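Subject: the model, plus some notes

Hi,

Here is the structure I promised to pass on. Have a look at it first, then read my notes below.

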Amino acid sequence: MSEPSKQVSPMGVAADPMEDIAVESARRLAWRRAVFRFRQSSLSMLGLAMVLAVLFVAVFGSALAPFPEHIAGGVDTGNRFMPPSLAHPFGTNELGQDVLSLVMAGTRVSVLAGLGIVLIATVLGTVIGAVAGFFGGWLDEVLMRISDLQLTIPGLIFAMAVAAALGAGLFNMVIAISLGWWPGFARLVRGEVLAKREETFVVAAYAIGAHPLRILFRHILPNIISPVIVKMSLDIGFAILTVASLGFVGIGVRPPTPEWGTLLSISRSYMPDFWWTAVFPGLAMFFAIFGFNLLGDGLRDVLDPRARR
Amino acid sequence: MLEVEQVSKIFPGRKGLFGSSPEVQALKGVSLRIAKGESFGLVGESGSGKTTLTRSILRLDVPTSGRIMFEGEDLATLTPAALRHLRSKIQIVFQDPFASLNPRMSVHDIVTEPMLVHRAELGLSARQRSDRAAELLSLVGLGEQHLHRYPHEFSGGQRQRICVARALAPKPSLVLLDEPTSALDVSVQAQVLNLLIDLQDRLGLTYLFISHDLGVVRYLCDRVALILRGEIVEEGATQAVFEHPQSAYAKMLISAMPQVAFS
């Protein structure tokens with residue numbers, strides 16, 4: 001991304017003590033600069049718009065759906081397998097339910113699960129990675145070997161096993177997937193903590209006499225938050241995909257609660273004749289994941305300038 | 001005030017699958033005495049052990065043998081809590097002003113942090129800490145308007161002033177200056193040096209000034225020691241060392257000094 005010349009040089013604004021024109025606080029200035037850079041990239045803005053659209057549908061989808069009775073499990077056998085039309089833009093499925101309504105209602109489950117998985121994995125992974133990287137020694141060895149072990153097990157298989165043991169349901173599925181998701185965050189955070197631990201300002205904090213916990217929370221963690229946020233937004237897309245995969249193989253949310261993966265799984269036996277039953281849930285997934293990935297890329301460009309290509 | 005007695009530091013070598021490295025003896029029986037209120041210069045080239053000695057005095061590194069006494073207390077015998085307590089008395093200004101300030105903290109938070117950490121000893125309320133931060137900033141030649149800015153907004157010289165303000169915040173008696181001016185422009189160097197001299201006069205500080213710049217040391221220090229490959233090769237009053245160097249190394253260094261009159 002090229003820096004246009006109209007942008008004010010970031011260093012020159014407030015460095016000069018004589019220059020009292022810059023009344024704006026530093027934090028706001030940095031924030032405005034980040035927003036400006038983000039808006040320079042049309043792909044980032046597109047990603048943001050897509051994510052906002054997905055979140056909007058996730059919140060209001062059930063209320064705005066044209067056939068709310070179908071979401072609750074109502075059927076309309078007279079209108080089975082109607083191709084896309086004005087009344088049913090996404091067509092109807094084998095029970096005569098409006099696919100558009102189901103897809104809109106399914107957004108909530110998928111997005112909620114995706115956010116939940118990433119949040120739990122972030123908290124778990126950050127704590128484990130920070131402890132391992134900061135305290136080092138045998139604690140580091142033990143925690144990192146556990147996470148290595150975790151990484152050797154394919155995530156989906158692990159989630160299937162845990163979900164089967166815990167029983168079906170949205171909450172159990174979220175727990176099952178996050179239990180396999182944290183090592184990525186733990187490794188990222190550990191590496192960043194190891195690098196920051198050697199920085200002069202951290203040594204300076206030791207020399208001041210600060211308590212190790214204060215050094216970890218005040219000096220190290222705030223400086224590694226950017227890559228974590230970037231990984232979160234990139235991972236939400238994959239988490240949504242994993243939720244859908246579990247739904248597809250039949251573990252996870254049970255019908256009639258609509259969920260993208262389950263919708264796709266049921267429709268696959270009607271392919272290719274009644275293609276709309278499978279294509280539209282799939283496109284919804286594509287839309288959400290693509291949006292979160294574009295947003296993540298955009299955030300990385302703004303928050304983590306070293307990783308810019 | 002500070003006594004360094006026969007301190008040695010050996011960094012162990014490494015033997016591994018992918019090659020080994022020999023052990024490094026960074027300090028060989030170094031002894032120093034720094035009296036209250038003086039400026040003690042420590043001069044040596046890169047790799048001579050200057051930084052290891054500072055890290056040992058701050059007890060960021062543990063010496064292999066020897067003792068370091070500060071105000072009569074052996075640093076090695078202190079508990080971690082007592083050591084943290086003692087650290088309010090010994091402060092440091094690092095060489096690189098760009099790396100030694102946390103980029104996510106405002107100047108206010110940076111300067112008040114030592115007071116917050118040592119609030120039990122200093123007995124300052126949040127309000128008093130903020131007031132003292134403003135005071136310290138004006139002491140180092142910055143102003144109250146800089147309190148809520150972030151490090152990246154400052155030049156190297158200004159950042160070094162912030163580092164000095166932070167070092168002075170817990171009311172230390174000894175300040176280690178680890179090449180505080182070598183990363184700065186020459187004109188800014190003189191400003192920071194004059195600031196340091198001025199602060200010493202006003203606050204009665206003791207300095208351990210580490211440098212490879214003989215001119216700066218001659219300008220600032222009362223006594224000076226030369227360190228070469230981990231050993232003190234010469235020590236004495238600054239004037240005596242510069243006018244009548246005893247060791248071959250000191251003679252060589254001083255004869256190689258560019259003749260620029262400071263005074």
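Before the notes, a definition: buried means under 20% relative accessible area, exposed means over 50%, and partly exposed is in between, with a 1.4 Å probe and protein chains only. Helices (H or I, at least four residues) and strands (E, at least two) are DSSP runs, numbered from the N terminus.

Some housekeeping: this is a predicted model, where local features need pLDDT of at least 70 and side-chain atom pairs count only at pLDDT 80 or more, while totals for chains, interfaces and linings use all residues. Residues are numbered from 1 along each chain as its sequence is written, chains are lettered from A and ligands numbered from 1 in the order in which they are written, and side-chain values use heavy atoms, leaving out hydrogens and water.

**Chain B**

Let's start with α6(B), which is mostly covered: 13 of its 13 residues are buried.

With 5% relative accessibility, B:L168 counts as buried. What is B:L168 in contact with, leaving aside neighbours within four places in sequence? Taking contact as heavy atoms within 4.5 Å, the partners are B:R132, B:L136, B:L139, B:V175, B:L199, B:L203 and B:L205. B:S187, on the other hand, is 19 residues from B:L168 along the chain, and their C-alpha atoms are separated by 23 Å.

B:K171, in the loop between α6 and β9 (174-178) of chain B, has a positive phi of about 55° although it is not a glycine. At 48% relative accessibility, B:K171 counts as partly exposed. B:Q6 is not a glycine either, yet has a positive phi of about 50°. B:Q6 sits in strand β1 (residues 2-11) of chain B and, at 51% relative accessibility, counts as exposed.

**Chain A**

Chain A has 13 helices and zero strands. Of its 309 residues, 46% count as buried. Among chain A contacts between residues at least 6 apart in sequence, 71% join residues at least 24 apart.

Take α8(A), residues 182-197: its 16 residues should span 22 Å at 1.5 Å a residue, and its end C-alpha atoms are 22 Å apart, which agrees. The buried residues in α8(A) are A:W182, A:P183, A:F185, A:A186, A:V189, A:E192, A:V193 and A:K196. They pack against α4, α5 (137-152), α7 (170-179), α9 (200-208), α10 and α11 (225-248) of chain A.

Two of those partners also meet each other. The axes of α4(A) (residues 99-135) and α10(A) (residues 212-220) come within 12 Å and cross at roughly 120°. That makes the pair oblique; angles under 35 degrees count as roughly parallel, over 145 as roughly antiparallel, 65 to 115 as roughly perpendicular and the rest as oblique. Axes here are lines fitted to C-alpha atoms, for helices over the stretch in contact, with angles running from 0 to 180 degrees between N-to-C directions.

Which residues meet there? A:A130, A:F134 and A:F135 in α4(A) meet A:P212, A:L213, A:I215, A:L216 and A:I220 in α10(A).

Cheers

Technical notes: The expected span of a helix is 1.5 Å times one less than its number of residues.
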